[in-house]
Amino acid sequence: MTPARRDGPAEAGLPRLIAERRAKARALRARGVDPFPAAFARRRTIAEARAMGEGLGPGSTAEGSVRVAGRLVAQRGQGRMAFCDLEDASGRIQLWARRDLLGDDGMDALDDWDLGDLVGAEGPLARTRRGELSVDLRSVVLLAKALRPPPDKHAGLRDPETRHRQRYLDLMADAGTREAFVARARAISAIRRFLDDRGFVEVETPTLQPIYGGAAARPFVTHHHALERDLFLRIAPELYLKRCIVGGLERVYELGKSFRNEGVSFKHNPEFTSLETYEAYADYRDVAAMLETMVSHAAEAATGSTAVSFGGQEIDLAPPWRRLDLREALREASGIDVRRHAEADGLRAAMRDGGYDAPDGTGWAKLVDGLLAQALEPSLVQPTIVLDYPIELSPFAKRRADDPGVVERFEAFAGGMEIANAFTELNDPDDQRERFAALAAEREAGDEEAPPSDADFLAALEYGMPPTGGLGVGIDRLVMLLTGRPSIREVILFPATRS
């Protein structure tokens, strides 16, 4: 039989191993055996089969047969008797092969198969004298010949680039990787159920947009030949979702992809998944209460608990979360009062005096954001909602009535990174027009991330948008927290990589 251990596709002997496997596939075809048949009917998952055999005692065999299928992951013995391990998405089970029961043809075929082959097996469930639940084989069939050897189950994939570029190998080799993406799916499903149960309607807005907006980011540009115009991959669905609020859909959400033409880091990928929700007649404090309840609900669904381990620390996502005022929190963390340094040059000098990075040419608002990222954000390990941002940082948020220099906005942090952003949405069209004009001036001054004005969105606001609370959640970062993964690339199935 094929040796059970290999280091995977980077091995020096890979061409030889591939040639051997291809030769086996040719030999099967020469004998009239299709190495890639179309189906395997009446199959049970391995988890179902294991449940059926729970009551079997050592040395006993169940009545009837079970049909299972999966990938061959281990082989032991040959000749008169052999044992193999078969694995599917639900678990692993032993195949017990005996020549007197399986027959010469079946035994010889099994001996000739390789690790990684997809196999269908049929026979009664039996428990060996050593207590191992097995399928006592009566027939086996090759369902797909693996022409390349799988990664070694014990060593796994050592190269992170291979893990990210060829995620199928990572999934094949590491049960923990599979579990992380199952947890991701559970979290997303739980979020959808949570919002649906609260009366929100899931909608779909354009991914290709004639005018991008809703965030500060540089977009990806593409060209539509039939329309003879450039279009942009959306950087956010925000402005379209607000149009839905204007039209009378009072609670809407969208969970999908957005795209930003930016660098990559442990918490940034140019293609990412976000949730945005908008609720008429709510404000940012209503949204904050909903967020902490929704996240704790997602954590329970994905992991069974609101307590998760991230970066070596336990984080409890159960509400209530701590609330901080941004100005006071920055002053406590850095010693700098950003409102007392209202010009970029003054704030830059104060930041440099404090040992913080403050590049030349950076505007005041981005300096405040940079101070937040350097001085405050890394310390926000337990879930924290930071409230009330300068208006210059928030072109789509409503001013506070008692302080027009501050808007009703919060960001939520956990694990030392931002996971959500929310506003009481700006619904005054004239105020929004003035904010767009200020952004246009920033664009003319060279800020490529300042979003352009959107005349149709302004027209929509002029029809009247009710007071609205809006929320954006970074799904990938939330899943990082829930699964304890230190990089966004670990929770995106196929992350962006260099050529």
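**Entry 1**

Is Tyr281 buried or exposed? I looked it up in the predicted model and found Tyr281 exposed, with a relative accessible area of 58%. I noted the cut-offs: buried means under 20% relative accessible area, exposed over 50%, and partly exposed in between, with a 1.4 Å probe and protein chains only. I recorded that residues are numbered from 1 along each chain as its sequence is written, and that side-chain values use heavy atoms, with hydrogens and water left out. Since this is a predicted model, local features need pLDDT of at least 70 and side-chain atom pairs count only at pLDDT 80 or more, while totals for chains, interfaces and linings use all residues.

Tyr281 is placed in the loop between S13 and H8. Helices (H or I, at least four residues) and strands (E, at least two) are DSSP runs, numbered from the N terminus. I found the phi of Tyr281 near 70°, a positive value in a residue other than glycine.

Ala282 sits in the loop between strand S13 (271-280) and H8. Ala282 is buried, at a relative accessible area of 6%. Leaving aside neighbours within four places in sequence, I listed Pro467, Thr468 and Gly469 as its contacts; contact means heavy atoms within 4.5 Å. From Ala282 to Trp96 I noted 62 Å, C-alpha to C-alpha, with the two residues 186 apart in sequence.

**Entry 2. Backbone details**

Most residues other than glycine have a negative phi, and most peptide bonds are trans. I therefore looked up Glu228, whose phi is near 55°, a positive value in a residue other than glycine, and which counts as exposed at 67% relative accessibility. Glu228 belongs to the loop between strand S10 (221-224) and strand S11 (229-233).

I also looked up the bond that joins Pro319 and Pro320, and recorded a cis peptide bond with omega about 0°. Pro320 lies in the loop between strand S15 (313-316) and strand S16 (322-325).

**Entry 3. Helix H14**

How many of the 9 residues of helix H14 are buried? I found that 8 of the 9 residues of H14 (residues 475-483) are buried, so the helix is largely enclosed by the rest of the structure. Among them are Asp476, Arg477 and Met480. Gly484 follows H14 and has a positive phi, near 70°.

Ile475, in helix H14, counts as buried at 1% relative accessibility. Not counting residues up to four places away in sequence, Ile475 touches Arg184, Ile188, Ile191, Leu255, Thr273, Ser274 and Leu275. I noted 19 Å between the C-alpha atoms of Ile475 and His164, which are 311 residues apart along the chain.

**Entry 4. Two helix pairs**

I looked up helix H9 (residues 326-334) against helix H11 (residues 364-376): they pack at an angle of about 55°, with their axes 10 Å apart. Axes are lines fitted to C-alpha atoms, for helices over the stretch in contact, and angles run from 0 to 180 degrees between N-to-C directions. H9 and H11 are therefore oblique to each other; angles under 35 degrees count as roughly parallel, over 145 as roughly antiparallel, 65 to 115 as roughly perpendicular and the rest as oblique. The residues of this contact divide into 9 nonpolar, 1 polar and no charged. Here Ala, Val, Leu, Ile, Met, Phe, Trp, Tyr, Cys and Pro count as nonpolar, Asp, Glu, Lys and Arg as charged, and the others, Gly among them, as polar.

For helix H12 (residues 429-444) and helix H13 (residues 455-462), I noted axes that come within 9 Å and cross at roughly 160°. That makes H12 roughly antiparallel to H13. Pro429, Gln432, Arg433 and Phe436 of H12 meet Phe457, Leu458, Leu461 and Glu462 of H13. I counted this contact as 5 nonpolar, 1 polar and 2 charged residues.

**Entry 5. Lys242 and the cores**

Lys242, in helix H7 (residues 238-246), counts as buried at 0% relative accessibility.

Which residues touch the most other members of the largest nonpolar core? In this core of 46 residues, I found Leu291, Phe410 and Leu471. A nonpolar core is a set of buried Ala, Val, Leu, Ile, Met, Phe, Trp, Tyr and Cys residues joined through side-chain atoms within 4.5 Å. Helix H8 (residues 284-303) gives the largest share, 10 residues. A second, separate core has 44 residues, including Val338 and Tyr389.
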